Amino acid sequence: MSPIAIAFTIYLGSIAAAMLGVALRLPSRHFDDSSREVVRNVLGLVATLTALVLGLLVASAQGTYQSLGNQLGQMAANLVDLDRTLDYYGPEAAPARRLFHRAVQAEIDRIWPHGEARLASIRPDDIRRERGQFMAIIGRLEPREEAQRFAQRRIMELVTDFARMRTLTVNAAEGSLPGPFLAVLIFWVAVLFFGFGLAARFNPTVIVALSIGALSVAGAMYLILELNHPFDGLMRVSEAPLREALGTMTE
């Protein structure tokens, strides 16, 4: 299910749980002072757990989203550095540089064909052939001086770093909440709204208050799920740093 579908389901489930609590007419003996105190304490515990987990998940998802954006920026910087190093090596590295430009262009076009990323296209194996060809060309170079030997080593390091960062990016892009974890969190929310409805009576003020609370929880879950999938949905990471790097390289 998409993040917005899950959030909408949580919203409807919360409202349904609250309405069930409102509609449930318990005998008056269930509403003495001691019973109210127990219910209040349990709801306070569940509310604290829910708020704590939602807050931590929002912070974690935002951190993942920001980290992925930083990784793309670092990858763009490494691409420019690699291009400059190939240019510095000399004419012998020109075939490798042309292959490098084509591979970067193809990679961007494959992942962001129309400005929208396709997660299915972000796989480490997709560029294995191009990387092998590139490394073979670099390995056959015969440096004539120390500066070229340094450039050759630097090229190898940058290619290795790029492959490592790309793998980390793929892993971060595929982050998701485990199903059992999400189920427990939804259960807490349902219990919480059932308790709210149990202590209330049906009137417009109660309905509005419960709706706002359910919408807030659903909105928090939407943010968490959306930020955990930074290549899908409305809040996508931008490929602008990579395209800017490519524009610099082909000048």
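**Reading the helices, cores and rings**

Author: The protein has eight helices and zero strands, where helices (H or I, at least four residues) and strands (E, at least two) are DSSP runs numbered from the N terminus. Bear in mind that this is a predicted model, in which local features need pLDDT of at least 70 and side-chain atom pairs count only at pLDDT 80 or more, while totals for chains, interfaces and linings use all residues. Residues are numbered from 1 along each chain as its sequence is written, and side-chain values use heavy atoms, with hydrogens and water left out.

Reader: What pattern does the protein follow along the sequence?

Author: Read that way, the pattern is α-α-α-α-α-α-α-α. Of its 251 residues, 38% count as buried; buried means under 20% relative accessible area, exposed over 50%, and partly exposed in between (1.4 Å probe, protein chains only). Residues 24 or more positions apart account for 82% of the contacts with a separation of 6 or more, a contact being heavy atoms within 4.5 Å.

Reader: Which residues does Tyr89 contact, leaving aside its neighbours within four places in sequence?

Author: Tyr89 belongs to H2 and is buried, with a relative accessible area of 3%. Beyond those neighbours, Tyr89 is in contact with Leu141, Glu142, Pro143, Gln148, Ala151 and Gln152. Tyr89 and Arg149 are 60 residues apart in sequence, yet their C-alpha atoms are 8.7 Å apart in space. Elsewhere in H2 you'll find Thr50, which counts as buried at 4% relative accessibility. Not counting residues up to four places away in sequence, Thr50 touches Leu185, Trp188 and Val189.

Reader: How should I read two packed helices, and what is the angle between H1 and H6?

Author: Two packed helices are described by the angle between their axes and the distance between the axes. Helix H1 (residues 3-23) and H6 pack at about 35 degrees, with their axes 7 Å apart. Those axes are lines fitted to C-alpha atoms, for helices over the stretch in contact, and angles run from 0 to 180 degrees between N-to-C directions. On the H1 side the contact includes Ile6, Ile10 and Ser14, and on the H6 side it includes Leu182, Ile186 and Phe193.

Reader: What covers the buried residues of H6?

Author: The cover includes H1, H2 and helix H7 (204-227). Among the buried residues of H6 are Leu185, Val189, Leu192 and Gly195. H6 has 20 residues and reaches 28 Å, close to the 28 Å expected.

Reader: What about nonpolar cores: which residues touch the most other members of the largest one?

Author: In soluble globular proteins, nonpolar side chains tend to be buried together. A nonpolar core here is a set of buried Ala, Val, Leu, Ile, Met, Phe, Trp, Tyr and Cys residues joined through side-chain atoms within 4.5 Å. The largest has 34 residues, and Leu82, Leu86, Phe100, Phe134 and Leu242 touch the most other members. The elements giving two or more residues to this core are H2, H3, H4, helix H5 (146-173) and helix H8 (240-249). H2 gives the most, with 10 residues. Apart from this core lies another, of 21 residues, among them Val53, Leu182, Phe193 and Ala200.

Reader: Last one: how many aromatic pairs does the structure hold, and how do I read them?

Author: A pair of aromatic rings is described by the distance of the centres and the angle of the planes. Rings of Phe, Tyr and Trp (its six-membered ring) pair if their centres lie within 6.5 Å; planes under 30 degrees apart count as stacked, over 60 as edge-to-face and the rest as tilted. The structure holds two such pairs. Phe100 and Phe134 form a tilted one, 6.1 Å centre to centre with 45 degrees between the planes. Phe100 lies in helix H3 (residues 94-111) and Phe134 in helix H4 (residues 128-139), so the pair ties together parts that are 34 residues apart in sequence. Phe100 and Phe134 are both buried.

Reader: And how are the planes of Phe193 and Phe196 set?

Author: That pair is edge-to-face, 5.6 Å centre to centre with 75 degrees between the planes. Being three residues apart in helix H6 (residues 179-198), Phe193 and Phe196 are separated by about one helical turn. Phe193 is buried at 3% relative accessible area, whereas Phe196 is partly exposed at 37%.

Terms used: The expected span of a helix is 1.5 Å times one less than its number of residues.
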